[in-house]
Amino acid sequence: MKPFVKLADPSTYVACDWDLSVDPVGREHWVRFFKSHLRTILKLGSAAATARGARASEVQGRADSCCAEFDARFDAYAADPNATGRVTILTLDIWRDELLRKHGFVDAFVDLKDRENQRALPLLPVICAELDSLGPPQQVRAIIEGVFAGNIFDMGAEATAARFAAGSPDFIATRQSLPPRPWLIDDYAALEDCLLNGQHRRAVFFIDNAGSDFLLGALPMMRWLGQRGTQVVLVANERPTLNDMTIHDVNQWWPRILETEPSLATLPIERVSSGTGEPLIDLSAVSDELNRAAANADLMVIEGMGRGVESNLDARFSCPAVNLAMIKDVIVARRLGGKLYDCVCRFRND
């Protein structure tokens with residue numbers, strides 16, 4: 001694992017600059033959320049385990065042990081925030097996922113991811129046909145709005161986790177109800193100019209969640225890039241976390257995706273693992289596979305609130321880069337001076 005090859009300066013790179021140890025309001029919010037959210041994760045993980053034949057009593061015992069150890073660790077941090085040095089949301093993600101894996105809950109969201117993929121996949125050809133019917137400027141606007149609308153499937157965010165545990169918001173309705181421009185961070189004009197008037201050899205696209213996020217948001221944008229002759233490097237997590245698509249999920253679903261939308265089979269889309277396993281991404285340590293694939297890239301796309309806002313919002317790269325996300329946590333929105341469901345379109349070409 002080495003620094004990402006497209007970082008402008010790995011020696012100054014900081015994945016997440018929000019130090020909760022010196023922010024009591026942020027710390028209280030995130031400790032409370034992580035403890036509450038763990039119950040949702042364990043409920044889903046327990047259901048997935050018993051559905052695969054595990055004994056309910058054994059699963060409940062593991063869940064109870066995980067809960068007790070988790071609460072003790074997070075309560076200890078809240079009581080003495082300076083004892084562990086600098087702590088960010090990424091740190092809390094690592095603590096959570098380590099404990100879940102320790103107690104046997106490796107991919108708690110596996111069934112929910114499959115459910116959302118199954119629901120979203122039939123709409124993929126509809127979205128692609130709609131894009132094909134538009135002129136180039138309208139296509140760019142539609143693919144960016146599609147990324148925003150798809151990104152609402154986020155089981156790591158307080159505002160959306162409960163909604164998706166019960167059902168699935170409608171992608172088309174979500175897209176139609178997006179906030180108007182200017183968005184919270186709005187570099188859209190520069191991005192549109194770059195996409196329409198530039199010719200990119202190779203784009204690295206960090207995907208986020210399963211379901212509508214991947215299939216109806218990220219994938220149509222990758223398709224659009226590929227149709228313009230850009231080689232696309234689709235980058236996914238190595239290890240499961242929340243409802244994020246892993247590289248193994250992508251590879252498992254890829255034949256069904258190509259069967260549903262055959263145009264994708266003709267496009268230069270390469271699938272690689274980031275080597276990482278958290279909903280935020282620390283680009284100081286990624287896989288050699290990713291670095292080989294990204295070495296000559298001239299465009300970066302980082303999609304999702306965790307990867308593109310809570311981490312890497314201010315990261316500098318050696319090629320043009322865009323961060324796209326919908327904000328689904330009130331304290332994240334407040335920190336940026338916005339509100340829930342605001343959209344972020346940050347583009348840098350420096």
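Visitor: Is Glu278 buried or exposed, and which side chain of opposite charge is nearest?

Guide: Buried means under 20% relative accessible area, exposed over 50%, and partly exposed in between, with a 1.4 Å probe and protein chains only. A salt bridge needs a side-chain nitrogen of Lys or Arg within 4 Å of a carboxyl oxygen of Asp or Glu. For charge, Lys and Arg count as positive and Asp and Glu as negative, while His and the chain ends are not counted. In this predicted model, Glu278 is buried yet has no salt bridge, and the nearest side chain of opposite charge, Arg101, is 4.1 Å away. Local features here need pLDDT of at least 70, side-chain atom pairs count only at pLDDT 80 or more, and totals for chains, interfaces and linings use all residues. Residues are numbered from 1 along each chain as its sequence is written, and side-chain values use heavy atoms, leaving out hydrogens and water.

Visitor: Where does Glu278 lie?

Guide: Helices (H or I, at least four residues) and strands (E, at least two) are DSSP runs, numbered from the N terminus. Glu278 is in the loop between strand 4 (269–273) and helix 12 (288–294). Contact means heavy atoms within 4.5 Å. Beyond its neighbours within four places in sequence, the contacts of Glu278 include Asp97, Arg101, Arg239 and Arg307.

Visitor: How many residues has the largest nonpolar core?

Guide: In soluble globular proteins, nonpolar side chains tend to be buried together. A nonpolar core is a set of buried Ala, Val, Leu, Ile, Met, Phe, Trp, Tyr and Cys residues joined through side-chain atoms within 4.5 Å. The largest one here has 63 residues, and Phe4, Trp30, Val204 and Phe206 have the most contacts inside it. Helix 1 (residues 24–51) gives the largest share of this core, eight residues.

Visitor: What kind of aromatic pair do Trp30 and Phe34 form?

Guide: Rings of Phe, Tyr and Trp (its six-membered ring) pair if their centres lie within 6.5 Å; planes under 30 degrees apart are stacked, over 60 edge-to-face, and the rest tilted. There are 12 aromatic pairs in the structure. Trp30 and Phe34 are edge-to-face, at 6.2 Å centre to centre and 70 degrees between the planes. They are four residues apart in helix 1, so about one helical turn separates them.
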